[in-house]
Amino acid sequence: MADTECGSRAGWRCAGLRWSTAGGAGAAGAAGAAPEPALVWRHPVHGERLSPLPAGRQLAFTTGEGRACVGVRRGGRHTPCPDAAAVPEPAVSAQCPQCARLDRSHSVAADTIADDPRPYDVYLAWFAAGLIKVGITAAERNGARLLEQAALSYALLGRGPLMAARRAEAVLGAALAVPDRFPYAAKRAARHPLPPPERRAAELAELHERALGLPGLPESLAVRAFAPVHHDAAFHLDRVRPSPGTVALAPGCTLAGRVAAVAGPDVYVDTPDGQLLLDARHLAGWALTAAAPDATTTVPVAVRPAEPDALF
């Protein structure tokens, strides 16, 4: 991969995209720094590295012979897949069933742990008109979860212990029918044309006010005044074009262009033939080698964006 050192080294595989404050070599970022997109690389011996993927960066790579399980990451440590299992090319998840089960056996998202002592934020995230979800995220993540989910705007509702945050999430779901997930294709569709921040903020404000008026919110949840956050600049949404072609990765294919925007796991790449959409969740598990910046793009491309088989 042009300008990405890990992609050309034997044994390294891409593990997708992460919004992180860590530097390119895995060093800790500055305290309070805004999360930025980075490609994740994993090696069975050397562990994990990150390569920043800002807008404007040249992106040129050729895929290897097949896609393999990325293993499990827990507590900042990577455990390789013991079987180096193959993963289907079209799958959203880059984990084999065994590693996926292990991953979810100790997961806040899967609701399999209840003793996490960290404070958690309860948030309302705006994805499209009428599509606002409730969720929770560790406060220390500094909003990275909302960037990962490709929320166009969000507002914090409160902060408290994990179980209080979970209770608040359940109260909103039961009393206001606020869901905790949407089909991902609905999120993509709202990026162009982009609704103005004022419209998004108005919908969030109305739901935020209703939520804080609900009986049954835990007393240990410290509620937050309404303060919307918009991701237009972080995602570079002004550079997203209508109906970009969607990349479908296959063995031995090449993609070459320049990063225009990154929203959640989606990387918009400008190429001589137009803008392409690369879902980095599908990139995870591939071994990649660097290609010339002016290489011909040979990845299969769909005219209309595909609908990933996932909710989040």
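Six bridges connect strand 1 to strand 2 (residues 36-43), and the two run antiparallel. Strands here are DSSP runs of E with at least two residues, helices are runs of H or I with at least four residues, and both are numbered from the N terminus. Two strands pair if DSSP finds at least two bridges between them. Arg-13 has Arg-42 in strand 2 as its bridge partner. The model is predicted; local features require pLDDT of at least 70 and side-chain atom pairs count only at pLDDT 80 or more, whereas totals for chains, interfaces and linings use all residues. Residues are numbered from 1 along each chain as its sequence is written, and side-chain values use heavy atoms, with hydrogens and water left out.

Strand 4 (residues 58-67) is joined to strand 16 by four bridges, and the two run antiparallel. Within this pairing, Arg-67 stands opposite Trp-286.

The chain as a whole has seven helices and 17 strands. Of its 312 residues, 50% are buried, where buried means under 20% relative accessible area, exposed over 50%, and partly exposed in between (1.4 Å probe, protein chains only).

Aromatic rings are considered next. Rings of Phe, Tyr and Trp (its six-membered ring) pair if their centres lie within 6.5 Å; planes under 30 degrees apart count as stacked, over 60 as edge-to-face and the rest as tilted. The count by this rule is two aromatic pairs.

| Pair | Centre to centre | Angle between planes | Class |
|---|---|---|---|
| Trp-19 and Phe-235 | 5.5 Å | 65 degrees | edge-to-face |
| Phe-127 and Phe-182 | 6.2 Å | 70 degrees | edge-to-face |

Trp-19 lies in strand 1 and Phe-235 in helix 6 (residues 232-235), so this pair ties together parts 216 residues apart in sequence. Trp-19 is buried at a relative accessible area of 3%, and Phe-235 is buried at 0%. The other pair links Phe-127 in strand 7 (residues 120-128) with Phe-182 in the loop between helix 3 (162-176) and helix 4 (184-189), 55 residues apart. Phe-127 and Phe-182 are both buried.

The charged end of Lys-187 sits over the ring of Phe-127, 4.3 Å from its centre; this requires NZ of Lys or CZ of Arg within 6 Å of the ring centre and within 35 degrees of the ring normal. Arg-281 lies over the face of Tyr-184, 4.5 Å from the ring centre.

Some backbone features lie in loops. The peptide bond from His-192 to Pro-193 is cis, with omega near 0 degrees. Pro-193 lies in the loop between helix 4 and helix 5 (197-212). Asn-142, which is not a glycine, has a positive phi of about 55 degrees.
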